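Q: Could you walk me through the ligand sites in this one? I'd like to go through the contacts one at a time.

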Amino acid sequence: MSKTIIITGGAGFIGSHVVRLFVNKYPDYRIINLDKLTYAGNLSNLKDVEQKPNYKFVKMDICDFPAVLKLMQDEQADGIIHLAAESHVDRSIKDPFSFAQTNVMGTLSLLQAAKAYWESLPEKYEGKRFYHISTDEVYGALEMTNPEGIEPPFSTKASSGAHHLAYGSAFFTEKTKYQPHSPYSAAKASSDHFVRAFHDTFGLPTIVTNCSNNYGPYQFPEKLIPLFVNNIRHRKPLPVYGKGENDRDWLYVEDPARAIDLIFHKGQIAETYNIGGFNEWKNIDIVKLLIKTTDRLLGRPEGVDMDLITYVTDRAGHDLRYAIDSTKLQRELGWEPSLQFEEGIEKTVRWYLDNQAWLDAVTSGDYQKYYESMYQGR
Ligand code: NAD
Ligand code: TYD
C-alpha cells in the first residue's frame, strides 16, 4: 500500500541510511527528507538516491511549526520518522541552548503539526504513525561492576567475534528510569516525554525507540570512530578522554536502520523498544582496533600508530557505561544485528579511507576551527 513518510534529519548519519533503505525497498512509498542541513547534514550522503522518483528533499527547520504543518498538509503525510536532532554530547556541553531548541522545541513542533493535520482528516489517526528515534543516553550511566568483563547474558551476531564481554551485570531495559546527565541526553529525554505525553493526552499514534551507539559510513567526523580513522590516516593525535575506560554498546548503522523499518511497520503503538547489540567495548580497546585496522589497510606495519594515543582531560559528566538489553525487540519482532563488530569496523575504516573527498568536504571551514578549539581546550 502506498504511503507518504516524512523522515526528519535524513541528511544526517543514521537518517541517510534510513532514507536509502526506505527509498530502495518501498518504490510505491513517497519518502520526504526534511532536513535543515546543519553542519551535520549533507546531501552528498544521499547522492545514490536523489534521482529516484519516490524521493524528495525539503530544506526546513523542524522548529518552524507553520512550515512543518503546511508540508504535512501539502504532502498528505501518513507517517513521520523523526531523527533530526543536535546529536553531539561535546557540543551540548558548549551550547546547551541549541539542543533544547532543536531536540525539545523541534520535536514539540512536529508533534503539534502531526496532531493538527491528522485530526483534520476524516479517518483521523487511522493508519498514521509518529515514530521518534531516541538514544540509550536518556537512561544515564551504568556501573562497571566487573571491569575485567564477564560473558553477557545473551549474545548476538554483533558481539560474537573475539571480543564478547559485558563490563557489568545491569543493562538498560525499556523500564529503566530516565536519568540523563548531559545537556544532549537531557534534551532527548525531554523530547521522549513529550512524545509519550502526546500519545497519552491526545491519542497520537506514537512509538519511541532508544538505541545504542551507531557507527558506519557517513558519520560526521567529530564522533569517536570517524574522527580517529581520519586522524590515524593523517598521523594526528588521538584524543582519548580520561583513561579510555568508558564503555559503549556498538551497532553497525545498517542494523538499526533495518530495526527502524521493522518497528515502523510492525511495532505496537505507544510502545518503547530498545535497540542494542550486546556488544560492549571500552573506548581504548576500540582505539587500538582502529589503529591496527587502519594501519593494515594503509599498508603500514600493524600497530605502528599506537603512539598517536593521547590521553586528554575527561569529558565533563562523562557517562561510564551504556549497555542495552534489546531482548524485547528480538523476541517480539525478530530483529537481530547482522554483523560482527570486527567485520563492521573493517568495512567502516575501508569506507572512510576510500572516501577522503567526503571527509575533506564535510570538515572544511567552520568545522576545522571548531575542532581545533575543542582540542586546545583539553
Ligand atoms: P546527525 O547529527 O548525524 O544528524 C542530524 C541531522 O538532523 C542532520 O542532517 C541535521 O542537518 C538535521 N537537523 C539538525 N537540526 C535540525 C533542525 N532544527 N531541523 C531539521 N533538521 C535538523 O545525527 P545522527 O547520529 O544521525 O542521529 C540521528 C538521531 O538518532 C538523533 O535523534 C540521535 O539522537 C539519535 N541517536 C543517534 C545515535 C548515534 O550513535 N549516532 C544513537 C542513538 C540515537
Ligand atoms: P561519541 O562518539 O561522542 O559518542 P557518545 O558520547 O554519544 O557515546 O563518543 C564515544 C565515546 O568516545 C565516549 O565515551 C567519548 C569518547 N571520545 C573520546 O575519548 N575522544 C573523542 O575525541 C571523542 C569524540 C569521543
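**Ligand sites**

A: Starting with ligand 2 in this predicted model, a polar side-chain atom of Arg248 lies 2.9 Å from one of the ligand's oxygen atoms.

Q: What does Arg315 do with ligand 2, and how far apart are the atoms?

A: Arg315 also places a polar side-chain atom by an oxygen atom of ligand 2, at 2.5 Å, while the backbone contributes through Leu224, where a polar atom is 3.0 Å from a ligand oxygen. Of the 510 Å² of accessible area that ligand 2 has on its own, the protein covers 96%.

Q: And which residues come nearest to ligand 2?

A: Out of 18 residues around ligand 2, the nearest are Glu137, Pro239, Asn283, Arg315 and His318. By class the shell holds eight nonpolar, five polar and five charged residues, and α6 (224-233) and β8 (238-241) each supply at least two of its residues.

Q: Which element gives the most to the shell around ligand 1?

A: That is β5, with three residues; α1 (13-25), α5 (183-202) and β7 (213-215) are among the elements that each supply at least two. The shell around ligand 1 divides into 13 nonpolar, eleven polar and four charged residues.

Methods. Residues are numbered from 1 along each chain as its sequence is written. Chains are lettered from A and ligands numbered from 1 in the order in which they are written. This is a predicted model: local features need pLDDT of at least 70, side-chain atom pairs count only at pLDDT 80 or more; totals for chains, interfaces and linings use all residues. Side-chain values use heavy atoms; hydrogens and water are left out. A residue is near a molecule or strand if one of its heavy atoms lies within 4 Å of it. A polar contact is a pair of N or O atoms within 3.5 Å; within protein, one must be able to donate a hydrogen and the other to accept it, and residues adjacent in sequence count only if both atoms are side-chain atoms. Accessible areas come from the Shrake-Rupley method with a 1.4 Å probe; for residues, only the protein chains shown count as cover. Helices (H or I, at least four residues) and strands (E, at least two) are DSSP runs, numbered from the N terminus. Ala, Val, Leu, Ile, Met, Phe, Trp, Tyr, Cys and Pro count as nonpolar, Asp, Glu, Lys and Arg as charged, and the others, Gly among them, as polar.
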